[in-house]
Amino acid sequence: MSEPTFADGASDRSRQLSDPGNAAGPGLATAAAPGPRTPSTHPSEGSVPLPSEHPARRVVGDGGVADASLLQELRGVRTGTPSVWFMRQAGRSLPEYRALREGTTMLDACVRPDMAAEITVQPVRRHRVDAGIFFSDIVVPARLAGLDVEIRPGVGPVFDRPVRTEADIDALPALGDDYEAALAPIREAVQLTVAELGTTPLIGFAGAPFTVASYMVEGGPSRDHLRTRALMRSRPDLWARLAAWVAELSGRFLRAQVLAGASAVQLFDSWVGALGEEQYLEHVRDHSAAALTHVADLPVPRIHFGVGAAHLLLPMLGAGATAMGVDHRLRLDRALELLPSGTPVQGNIDPSVLFTSEQARFAEARSVLAAGAAASGHVVNLGHGVPPDADPQVLTDLVAFLHAQGTAQVATAPQGAPQA
Ligand code: CP3
């Protein structure tokens, strides 16, 4: 397999790590020693060095991101000042995004490197968040692999031909060199983005097998994912083939972003909360693990996030994540009770407070900081994505407020806020 941007010869190793044995438990996905040239690398991350041009190879003082606060928190090192980014920080809430996107479809924007890079940087410039999240979508890899998928505004991803039968699965495109070549605009967009971001780290992402496969099976967004869950039970063999295909698709998309310059990754399993723990463990976890394995040899934190997935927090960590994203339904101090000690967490301001008074908003922010205070590391985020009609100024002010809350204030100040 060729990796045109920064070939590192690690692909074979990455494949070998696909053994489901690696999904056994938290922190066990890689048993590698810390990398020699990235001082903040955590033992649970891989040790294959990133390409020499990669921003995580240099410290902030040298224009890189190796010791950026957000990456430290993700590695379980407290920095004293909250680090924050928002899921869906790029997008329709920003007037500059709406202006730039005019006349270009969502998926076309994702494969235009200059546009994807500019859209990624817009919220960092405006809100002064501590990371960029690469502007793309969980279905972009499927489009690059040749499937007919579009994103309908106000609806979401829609697949032309849903994948439901053995014949549909037989017809899935092979993920060979053609797919690797099709990822070129992604690599180029990431390179442009990190050059622009400088000392602010870029988070790469992909959709987890269950969530992406659910769009493929249902044909579009679904409330209860019934067809997907039925396929899992009635034809576990077909489900396993489909999920393995998506794991390879998403995993290689993740790897391309990291080698091109992303310094952390997030695997979104947005709709996994529809599953019980038993179904998750039997049919999903090993496929999510396979996706994450594609970057497990690289020295980058791996965040895993699902909505309404409190009951799956520990099993999802077991898919090989190094930090867990938590939605707003579960308080962080409760999440910490469910996770092995030392697990960094990310979250979880309720997005609804973006539509309340500033007083209520800041109280929620303080409460989230206090609930996360006992974590080894905490990256502040919303419990789910920024709604398109959120007022961008509210987000900018929230970031400034969070940055003004040092550890000292969190430990002593919050009135009425629960202490962790
Ligand atoms: O700041 C960012 O987070 C930017 C990157 C990003 C997008 N999609 C851009 C986008 C990310 C990380 C995603 C991931 C994604 N896409 C997920 C996982 C995260 C989550 O929200 O749970 C999911 C489930 C999807 C599928 C998807 N794509 C949905 C449900 C929608 C919304 C449809 C709508 O219009 O309401 C999309 C479209 C989409 N993805 C938009 C953006 C900015 C809106 C499209 C537009 O602006 O026209």
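The model is predicted, so local features need pLDDT of at least 70 and side-chain atom pairs count only at pLDDT 80 or more, while totals for chains, interfaces and linings use all residues. Residues are numbered from 1 along each chain as its sequence is written, and side-chain values use heavy atoms, with hydrogens and water left out.

The chain holds 19 helices and 10 strands, which are DSSP runs numbered from the N terminus (helices: H or I, at least four residues; strands: E, at least two). Of its 420 residues, 59% are buried, where buried means under 20% relative accessible area, exposed over 50% and partly exposed in between (1.4 Å probe, protein chains only).

How do two packed helices get described? The angle between their axes and the distance between the axes are used. For helix 12 (residues 236-260) and helix 14 (residues 285-296), the axes come within 7 Å and cross at roughly 25 degrees; axes here are lines fitted to C-alpha atoms over the stretch in contact, with angles from 0 to 180 degrees between N-to-C directions. The two helices are therefore roughly parallel to each other (angles under 35 degrees count as roughly parallel, over 145 as roughly antiparallel, 65 to 115 as roughly perpendicular and the rest as oblique).

Turning to the backbone, arginine 88 has a positive phi, near 60 degrees, and is exposed, with a relative accessible area of 57%. Arginine 128 also has phi near 60 degrees and counts as exposed at 63% relative accessibility. The peptide bond from glycine 347 to asparagine 348 is cis, with omega near -15 degrees.
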